Amino acid sequence: QVQLVESGGGLVQAGGSLNLSCAASRRTFRSYAMGWFRQAPGKEREFVAAIRWGGGSTSYVDSVKGRFTISRDNAKNTVYLQMNSLKPEDTAVYYCAASLRRLSGHASEYEYWGQGTQVTVSS
């Protein structure tokens with residue numbers, strides 16, 4: 001069965017850093033791309049970043065460019081989201097997702113989702 005497990009969330013002060021991990025099953029590893037989304041209370045789920053397993057092409061939402069970096073380790077079937085210069089508005093539950101078709105910023109393009117990990121940034 002496809003499985004995605006996020007980890008690395010926590011509480012950090014503004015300006016600090018966190019590194020999120022998404023461990024994928026081999027079946028998920030054979031997907032085309034992986035993405036990170038986030039959802040804050042009262043907000044819709046928002047695209048954050050995505051990366052292809054094969055070529056390594058990446059995509060980011062404008063609000064995190066220059067602060068967040070998505071990467072992958074194919075040998076470990078793991079995708080990472082390095083988050084620097086965190087702001088209180090980054091506070092959200094962060095979800096890892098797998099797309100079978102394309103690198104996309106749309107949640108509807110992702111077939112499999114992890115449970116999420118909480119990121120809280122204090123002022």
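Contact, as the word is used in this tour, means heavy atoms within 4.5 Å. The model is predicted: local features need pLDDT of at least 70, side-chain atom pairs count only at pLDDT 80 or more, and totals for chains, interfaces and linings use all residues. Residues are numbered from 1 along each chain as its sequence is written, and side-chain values use heavy atoms, with hydrogens and water left out.

**First stop: arginine 38**

Select arginine 38, which is placed in strand S4 (residues 33-39); strands (E, at least two residues) are DSSP runs, numbered from the N terminus. Is this residue buried or exposed? Arginine 38 counts as buried because its relative accessibility is 6%, where buried means under 20% relative accessible area, exposed over 50%, and partly exposed in between (1.4 Å probe, protein chains only).

Now display the side chains around arginine 38. Its side chain makes a polar contact of 2.9 Å with that of aspartate 90, and another of 2.9 Å with the side chain of tyrosine 94. A polar contact is a pair of N or O atoms within 3.5 Å; within protein, one must be able to donate a hydrogen and the other to accept it, and residues adjacent in sequence count only if both atoms are side-chain atoms. Apart from neighbours within four places in sequence, the residues in contact with arginine 38 include Glu44, Arg45, Glu46, Val48, Phe68 and Ala92.

**Second stop: the nonpolar core**

Next, select Met34, Trp36, Leu81, Met83 and Tyr94, the members that touch the most others in the largest nonpolar core, a set of 32 residues. A nonpolar core is a set of buried Ala, Val, Leu, Ile, Met, Phe, Trp, Tyr and Cys residues joined through side-chain atoms within 4.5 Å. In soluble globular proteins, nonpolar side chains tend to be buried together.

From this group, centre the view on methionine 83. Leaving out residues up to four places away in sequence, methionine 83 touches Gly16, Ser17, Leu18, Leu20, Arg67, Phe68, Tyr94 and Val119.

Select cysteine 22 and cysteine 96, which are joined by a disulfide with an S to S distance of 1.9 Å; a disulfide is a pair of cysteine sulfur atoms within 2.5 Å. The pair links distant parts of the chain, 74 residues apart, with cysteine 22 in strand S3 (residues 18-24) and cysteine 96 in strand S9 (residues 92-99). The link is left-handed, with -80° about the S-S bond. Both cysteine 22 and cysteine 96 are buried. Strand S3 is largely enclosed by the rest of the structure, because 5 of its 7 residues are buried.

Switch to a cartoon view and find the open sheet of 4 strands, ordered S1-S3-S8-S7 with antiparallel pairing. Two strands pair if DSSP finds at least two bridges between them. S1 and S7 are the edge strands, each pairing on one side only.

Cross the sheet from S1 (residues 4-7), which is joined to S3 by 4 bridges; here leucine 4 has alanine 24 as its bridge partner. S3 then pairs with S8 (residues 78-83) over 6 bridges, with asparagine 19 partnered by glutamine 82. Another 6 bridges join S7 to S8, where threonine 69 stands opposite glutamine 82.

**Last stop: asparagine 74**

Finish in the loop between S7 and S8, where asparagine 74 lies. Asparagine 74 is partly exposed, with a relative accessible area of 28%. The side chain of asparagine 74 reaches the backbone oxygen of tryptophan 53 at 3.3 Å.
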